[in-house]
Amino acid sequence: MKTKIILFIGFLFALSCTRFYSLDGFLFEPEKIDEYLRPKDLKEWHVRFIIPDSLIEPVTLASMGNKIYGFFVKGNPDSITNNQVTILYCHGNSENINRYWVRVEYLWEMGYNVFIFDYQGYGKSEGSPSGEALFSDGNEALYYVQARIDIDTSKIVFYGWSLGSYIATYLAADVYHSAALVLEAAPASINALLRDSGLLDLHGSYVAEADFDNVKRIANIECPLLMMHGKKDDFVVFERHAPLIWDKAVAPKDSLWVDEAVHDNIPELLGNLYYEKLITFINEYVLD
Amino acid sequence: MIKIAKVIILVCLPIISFLEIVSCGTVTSVRPIGKGRSAITFSSGGPVTTIFDIKMPIPYSVLRYRKGLNNNIDFHLGLHTTMLVLGNIGLDAGVTKHLISQSGWRPALLTELSLYGLYHMNEFSSIKAFPAMSVIASYQLTNKGHALYFGIQGMAQYTDPYLVFSTLIGFEVPLGARLQFNLETKWYAPNEASENRVVDYEIKPFDYGAVGFVWGISYKF
């Protein structure tokens, strides 16, 4: 009997050492496309086409053996001070760069250089998304920006929206001490997402490979942090996520909790206030 | 009166059972299996949600072994096979105690105490344990062992919400001398608002909790 029990336990451990399936796929909603920034594809996102083509530079990088695509947008030449700053923009979990181009316009209007890239499996980028792939893509994007001779590498700001917050926080905590970190509608962690859906305090690793944990990493961040979150966010619910990150973050930190905003409309809802908040934060902590 | 109720239930049973099979489901111990006897149960189900564009109960499955310690108490050990597929060890162990026998309209009562444990490979910080308790009332409807049961299950944890509970109603259908089939409908966390959850549950009565289905098949020996 004792031998059978030992064999059974050994069998369980052997089986559990192999993950036959994970739920990571549910984290990503990529959309493949043949071409970027075609006006007909951008109209639904209220893109204003304000950035001159001469300032938009298509970029391809290699990540885990796959080609990934991005765009480097040179800051508005009229804004001599702000175009010293480069925003590395990590987008959300759905679609591709087209969906987020309007955000690039906002940041460009403020005068900043912006680098936006598609993760593996998104847009034209090869491969398929995973936690490892997204972190690798983030690393490659950062190396690319750092290697450019026309930017000030001491003034790189990581900006992560929703899923992109995991990459931005990972880069700031584990890879490079950026000048600042901006998180918009950031989920706390996969643990928090699990508890949100199942109420039980389960460990994220039970269901997903991706090491997506903003709460764990935020304590290791040494740069100034700006957090933005809509209090009516019906996807990453404010009460169940934002305080978990905020409480662990160390100073200097600033917040923008927007009463009426949902998951994806903080800039649109706030208008000039969004611009002012971001510019003031960057002026204070990056340009000062 | 009792006879009419039995007839109604027995007529409705196949129809409801069919619906539950189609939409998937989950199960619990209803009565002790008797001293020295054993049973193996495979059950699967959970709250209904959309998976790959199909509305279905989350297919969370458990393989459970039961052993009758005496005529009133069973011991059980469960292996959570879905967790195994995901690279984890999920086990539960506990006892079921028969409390009151059925008499007229008074149902039989039993309680089950279990400890659930989960662990992800090579990650000791992932170890979690949850004590659980359930109270199940049951009516045996026929001499063959058809039974209707209902009850409440609670699981405790060290964080808010400290108690997660569900209510259930189910049927037990004997399939010969050794086999038995169970179907349950559960209302998970009926006290928790189900709005704005990451997983969009399909059946949310009054926007609270989530309804799901579980089926199970047992072999006694």
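Start by selecting β4 of chain A: 5 of its 5 residues are buried, so the strand is largely enclosed by the rest of the structure. Buried here means 20 or more other C-beta atoms within 10 Å of the residue's own, with C-beta atoms placed from the backbone. Strands are DSSP runs of E with at least two residues, helices runs of H or I with at least four, both numbered from the N terminus.

Before you click on: this is a predicted model, where local features need pLDDT of at least 70, side-chain atom pairs count only at pLDDT 80 or more, and totals for chains, interfaces and linings use all residues. Residues are numbered from 1 along each chain as its sequence is written, while chains are lettered from A and ligands numbered from 1 in the order in which they are written.

Now show the side chains of β4(A). Thr86(A), Leu88(A) and Cys90(A) sit on one side, Ile87(A) and Tyr89(A) on the other, and all are buried. In a regular strand, side chains alternate between the two faces of the sheet.

β6(A) runs parallel to β4(A) over 4 bridges, with Asn113(A) opposite Thr86(A). Strand β7 (residues 156-161) of chain A is also parallel to β4(A), joined by 5 bridges; look for Tyr159(A) opposite Tyr89(A).

Then select α3(A), residues 97-109. Its buried residues, including Trp101(A) and Trp108(A), pack against several elements, among them β4 (86-90) and β6 (113-117) of chain A. After the helix comes Gly111(A), with a positive phi near 105°.

Notes:
Buried ≥ 20, exposed ≤ 12 C-beta atoms within 10 Å, placed from the backbone. Contact = placed C-beta atoms within 7 Å. Pairing = 2+ DSSP bridges.
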